[in-house]
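Visitor: Hi! Could you walk me through this model before I set anything up?
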Amino acid sequence: MSANAADSRSKRDLEGGIQRDFRRRLSYGDYLHLDRLLSAQVPLSDPPQHDELLFIIQHQTSELWLKLLVHELRSARALLGQDDLAPALKRLARVKHVQHTLTDQWSVLATLTPSEYAEIRPFLATSSGFQSAQYREVEFLLGNKNADMVEVFGHDPKAQSELRTLLHEPSLYDGFLAYLARRGYAVPEALLNRDWSQPYVHHEGLVDVFAEVYAAPHDHWGVYETCEELVDVEDNFQQWRFRHLQVVQRTIGQKTGTGGSTGVDFLRRALDLTFFPELYEVRTRIGS
């Protein structure tokens with residue numbers, strides 16, 4: 001085969017209908033505002049450190065995925081409020097895929113060795129992932145309410161206002177319990193009329209409700225499926241937390257975090273937090 005023939009086989013000609021002139025048409029870059037997005041990576045290290053771009057992109061992409069999580073969780077909560085269970089479950093299915101992506105991303109940051117991170121850490125100053133407003137929005141939507149966290153965002157009135165609003169609104173779990181009550185399940189009244197700004201407290205009476213569901217799944221299939229979707233969401237969240245802890249531990253050991261936390265010890269304590277306690281306790285009763 002001649003060199004010219006080989007070249008022709010490896011070349012793909014543009015089809016005649018493909019757009020080439022975007023002076024008056026919407027392009028891919030225009031639609032996605034790539035000029036703004038790709039100019040948002042501004043390393044501060046001096047002299048420049050090769051690995052700082054990795055650190056910035058890792059956290060910026062995480063924030064984009066967190067934005068989608070907030071969007072989907074808000075929608076799932078609203079759909080439950082309208083007794084529209086099927087699309088709410090669709091939202092939760094997407095939430096789980098996003099969670100997997102966020103967890104997998106830690107493997108990229110884990111390529112940053114302690115020596116490499118030490119070169120860029122001074123330039124982070126007091127900035128920390130602890131200060132992610134969108135992460136707190138996700139936690140509030142899932143029920144981990146903490147009024148003290150709202151005060152951390154005094155420097156960002158918009159974020160603080162959003163968190164304060166979510167603090168006083170029902171969580172996704174609260175919305176699910178209200179849905180159950182409207183469907184005739186004996187959800188304890190104390191769980192339906194409470195101060196939403198307070199952390200959720202386990203209620204044994206709700207375990208009784210879920211025990212009936214799990215005793216006869218086919219008689220309560222939609223509710224049963226939703227329970228398992230919620231458990232998946234919490235399980236994924238815990239995997240994300242644990243992977244975060246691992247990456248921090250392998251990168252900085254027992255050092256204090258840039259935001260002032262105890263670092264690994266602070267992250268380890270988060271593993272004890274739960275969003276849906278009754279959905280885990282009911283498992284002890286199944287088959288007993």
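Guide: Happy to; we will go from the overall build to charges, then to helices and backbone details.

Guide: A word on the source: this is a predicted model, where local features need pLDDT of at least 70, side-chain atom pairs count only at pLDDT 80 or more, and totals for chains, interfaces and linings use all residues. Residues are numbered from 1 along each chain as its sequence is written, and side-chain values use heavy atoms, with hydrogens and water left out.

Visitor: Thanks. How many helices and strands are there in the chain?

Guide: The chain has 15 helices and zero strands. Both are DSSP runs numbered from the N terminus, helices being H or I with at least four residues and strands E with at least two.

Visitor: And what radius of gyration does the chain have?

Guide: The chain has 24 Å, while a compact globule of 288 residues would be near 19 Å. That radius is taken over C-alpha atoms, and the globule rule is 2.2 Å times the number of residues to the power 0.38. The C-alpha trace spans about 75 × 50 × 40 Å along its principal axes.

Visitor: What share of the residues count as buried?

Guide: 39% of the 288 residues do. Buried means under 20% relative accessible area, exposed means over 50%, and partly exposed is in between (1.4 Å probe, protein chains only).

Visitor: What about contacts in the chain?

Guide: Among those between residues at least 6 apart in sequence, 71% join residues at least 24 apart. A contact is heavy atoms within 4.5 Å.

Visitor: On to charges. How many positive and negative side chains are there?

Guide: There are 31 positive and 40 negative side chains, and the centres of the two sets lie 6 Å apart. Lys and Arg count as positive, Asp and Glu as negative, with His and the chain ends not counted. The place of a charge is taken as NZ of Lys, CZ of Arg, CG of Asp or CD of Glu.

Visitor: How many salt bridges does a search of the whole structure find?

Guide: It finds 16, a salt bridge being a side-chain nitrogen of Lys or Arg within 4 Å of a carboxyl oxygen of Asp or Glu.

Visitor: Which residue forms one with lysine 96?

Guide: Aspartate 232 does, with the closest N and O atoms 2.8 Å apart. The pair links distant parts of the chain: lysine 96 sits in helix H5 (residues 85-109) and aspartate 232 in helix H13 (residues 221-252), 136 residues apart. Lysine 96 is buried at 15% relative accessible area, whereas aspartate 232 is partly exposed at 29%.

Visitor: Changing topic: is helix H7 buried or exposed?

Guide: Ten of the ten residues of H7 (residues 133-142) are buried, so this helix is largely enclosed by the rest of the structure. Its buried residues, including Tyr135, Arg136 and Phe140, pack against H4, helix H8 (147-151), helix H9 (157-167), helix H10 (172-182) and H13. After H7 comes glycine 143, with a positive phi near 115 degrees.

Visitor: What does glutamate 52 touch?

Guide: Not counting residues up to four places away in sequence, glutamate 52 touches Pro43, Leu44, Ser45 and Ile120. Glutamate 52 lies in helix H4 (residues 52-81) and is buried, at 4% relative accessibility.
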